[in-house]
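Here is a short report on a predicted model.

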Amino acid sequence: MTVISAKRNAKRRDVVFPIVNTIILILLMVITLYPVLNTVAISFNDSLDALKGGIGIWPRVFSTDSYKELITDPAIYRAFWISLSKTVITTILNLFFTSMLSYALSRKEYVLRKFITTVLVLTMYINAGMIPNFLLVSRFLKLGNSFWVYIIPSMFSCFNMIVIRTYIVGLPEALVESARIDGAGDIRTFFQIILPLCLPVMATVALFVAVGAWNSWFDTYLYCGSKKNLYTLQYLLKMKLASTQASSNAANTSADALANSVKVAPITIRASITVVSTVPILVVYPFLQKYFVTGMALGSVKG
């Protein structure tokens, strides 16, 4: 009887666990998706109606005025191109230089690898501050009001270097040894042997770099605030939101005064800006998802 009851309890657990697990995952999915759907709904809702609140995951009064307010500005397209160029170039150069240095510091025969790694890691904990960085980039390097101010300071990341180096160290040493027996040098070994095996971690790092570059706006404010043709999309949208907020604050709090002062309310323009800023990353993510998941899984297994 004990064996039979134990089997019944095991079968019951086998049935209960998937049900409970499914319910928990559904709740997490709803909690995660609701703010996104709510933001999209507000962005497509009429501005004056949105001020009443209570909008769920579907627009109560459908309107595209907030998007028309954005896309009718020619500066938006120029800023979009600046942000796109900045993100692509920064991601490519960051991966290139960071991965090459990671490979060099992963080689045990390199005498200075521990010293250089220690110096680079210290930069993650010791920072001179915003003012010295501004003086270095703008005055000493002469990168102020230049497109290269978006690229050169972002070509290397110590954190990304540690991630890639740790992944390379976990690769079989026999691969490098066999390549050297065949007469391959370090450069050929890196590009033909190591780099193809690093696609999962490279995709993970690429996503981190791309998201950071795309969402960055403070560098524009700090270094290119006086040059409009170098405005990034994030900075321009932030300025547009600030101007809309200022226009609405200048008016009275009544709906009639707001309708006469601004075309769209800050609540809908904020939601539409969020959607416009998020869509490009959502479009890119599916192409990196396979490598991203693999890289995260390998990293969790290796500890």
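Lysine 142 sits in the loop between H6 and H7. Helices here are DSSP runs of H or I with at least four residues, strands are runs of E with at least two, and both are numbered from the N terminus. The phi of lysine 142 is near 60°, a positive value in a residue other than glycine. Asparagine 145 is found in the loop between H6 and H7. Its phi is near 55°, again positive in a non-glycine residue. Most residues other than glycine have a negative phi.

Residues are numbered from 1 along each chain as its sequence is written. The model is predicted, so local features need pLDDT of at least 70 and side-chain atom pairs pLDDT 80 or more, while totals for chains, interfaces and linings use all residues; side-chain values use heavy atoms, without hydrogens or water.

How exposed are individual residues? Buried means under 20% relative accessible area, exposed over 50%, and partly exposed in between, with a 1.4 Å probe and protein chains only.

| Residue | Relative accessible area | Class |
|---|---|---|
| Lysine 142 | 64% | exposed |
| Asparagine 145 | 31% | partly exposed |
| Cysteine 158 | 9% | buried |
| Asparagine 160 | 6% | buried |
| Cysteine 224 | 0% | buried |

Asparagine 160 lies in helix H7. Setting aside neighbours within four places in sequence, asparagine 160 is in contact (heavy atoms within 4.5 Å) with Asn94, Thr98, Val205 and Val209.

**Overall fold**

The protein has 14 helices and 0 strands. Of its 303 residues, 33% count as buried. Among contacts with a separation of 6 or more, 70% join residues 24 or more positions apart. The structure holds 0 disulfides, a disulfide being a pair of cysteine sulfur atoms within 2.5 Å.

**Cores**

A nonpolar core is a set of buried Ala, Val, Leu, Ile, Met, Phe, Trp, Tyr and Cys residues joined through side-chain atoms within 4.5 Å. The largest one has 15 residues. Ile194, Cys198 and Val201 have the most contacts inside it. H4, helix H7 (158-169), helix H9 (186-197) and H10 each supply at least two residues of this core. H10 gives the most, with 5 residues. Cysteine 198 touches Tyr167, Ile168 and Leu171, leaving out residues up to four places away in sequence. Another core lies apart from the largest one. It has 12 residues, including Ala75, Leu233, Ile269 and Ile273.

**Largest pocket**

What is a pocket here? On a 1 Å grid over the protein atoms alone, it is an open set of points where a 1.4 Å probe fits, with protein on both sides within 12 Å along at least five of seven lines; lining residues have an atom within 4 Å of a point. Grid points are joined across faces, edges and corners, and volume is the space filled by probe spheres set on them.

About 700 Å³ of space lies in the largest pocket. Its lining has 29 residues. Asn127, Asn133, Pro153, Ser154 and Tyr223 lie nearest its centre. Helices H4 (74-106), H5 (113-125), H6 (130-140), H10 (199-215) and H11 (218-223) each supply at least two lining residues. The lining divides into 18 nonpolar, 9 polar and 2 charged residues. Ala, Val, Leu, Ile, Met, Phe, Trp, Tyr, Cys and Pro count as nonpolar, Asp, Glu, Lys and Arg as charged, and the others, Gly among them, as polar.
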